[in-house]
Amino acid sequence: MARLPSPLKYLAELTPGKITLWCYLIWYLVTVVEHFDPSPGIWLSSLGISAVVGVALLLSVRGEQTALSDRWRTFRLFLMPFCVSSFSALIKGQGYILILPSRSLELYLSVALCAVFVLFVYFLKRTQRGVSAQQSD
């Protein structure tokens with residue numbers, strides 16, 4: 001059995017915490033698609049908040065050498081405040097309860113896509129274990 005290609009290998013090696021972060025991103029993207037607002041104010045404000053909070057988060061992990069050297073982690077420190085602020089702006093007045101959409105189709109789509117992602121990662125993990133076990137024989 002062949003080894004997994006690099007992107008699939010990345011997914012197969014995701015920790016539970018990273019899987020959760022990917023599900024957050026899926027949830028966010030469904031919300032953006034459902035409630036997209038092209039007004040530049042939302043996106044520019046979100047970029048500004050991302051810059052301010054991202055720098056603060058970067059400073060808060062400054063002593064952790066791995067945080068500064070890991071470009072993906074640094075990217076996430078800026079991406080998360082952007083997503084939170086734009087999510088908040090997009091759902092304003094949309095009938096959300098906390099982070100849950102009032103429209104059941106949107107809620108089901110978000111949950112279903114996250115579930116499909118988790119099952120896909122689980123399948124890749126099992127596949128990777130099978131490949132590793134065959135290579136050690």
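Trainee: I'd like to start with Glu34: how does it count by relative accessibility?

Mentor: Glu34 counts as partly exposed, at 32% relative accessibility. The term covers what falls between buried (under 20% relative accessible area) and exposed (over 50%), using a 1.4 Å probe and protein chains only. Before we go on, note that this is a predicted model, where local features need pLDDT of at least 70, side-chain atom pairs count only at pLDDT 80 or more, and totals for chains, interfaces and linings use all residues. Residues are numbered from 1 along each chain as its sequence is written, and side-chain values use heavy atoms, with hydrogens and water left out.

Trainee: Which side chain meets Glu34 in a salt bridge?

Mentor: A salt bridge needs a side-chain nitrogen of Lys or Arg within 4 Å of a carboxyl oxygen of Asp or Glu. Here the partner of Glu34 is Arg103, with 2.4 Å from N to O. This pair links distant parts of the chain, 69 residues apart: Glu34 sits in helix H2 (residues 16-35), and Arg103 in the loop between helix H5 (71-91) and helix H6 (104-136). Helices here are DSSP runs of H or I with at least four residues, numbered from the N terminus.

Trainee: Which other residue forms a salt bridge with Arg103?

Mentor: That is Glu106, whose closest N and O atoms with Arg103 are 3.7 Å apart. Through shared partners, Glu34, Arg103 and Glu106 are joined into one network. Arg103 is partly exposed, at 41% relative accessible area, whereas Glu106 is buried, at 2%.

Trainee: How many salt bridges are there by this rule?

Mentor: The count comes to 3. One of them brings together the side chains of Lys9 and Glu13, at 2.8 Å from N to O. Lys9 is partly exposed, with a relative accessible area of 28%, and Glu13 is partly exposed too, at 47%.

Trainee: Now for pockets: how much space lies in the largest pocket?

Mentor: On a 1 Å grid over the protein atoms alone, a pocket is an open set of points with protein on both sides within 12 Å along at least five of seven lines, and lining residues have an atom within 4 Å of a point. The largest one holds about 770 Å³. Of its 21 lining residues, Leu21, Trp22, Tyr24, Leu25 and Met80 are the closest to its centre.

Trainee: Which helix gives the largest share of that lining?

Mentor: H5 does, with 9 residues, and both H2 and H5 supply at least two residues each. By class, the lining has 16 nonpolar, no polar and 5 charged residues. Nonpolar means Ala, Val, Leu, Ile, Met, Phe, Trp, Tyr, Cys and Pro, charged means Asp, Glu, Lys and Arg, and the others, Gly among them, are polar.

Definitions and conventions. On a 1 Å grid over the protein atoms alone, a cavity is a set of points where a 1.4 Å probe fits but cannot get out, and a pocket is an open set with protein on both sides within 12 Å along at least five of seven lines; lining residues have an atom within 4 Å of a point. Grid points are joined across faces, edges and corners, and a volume is the space filled by probe spheres set on the points.
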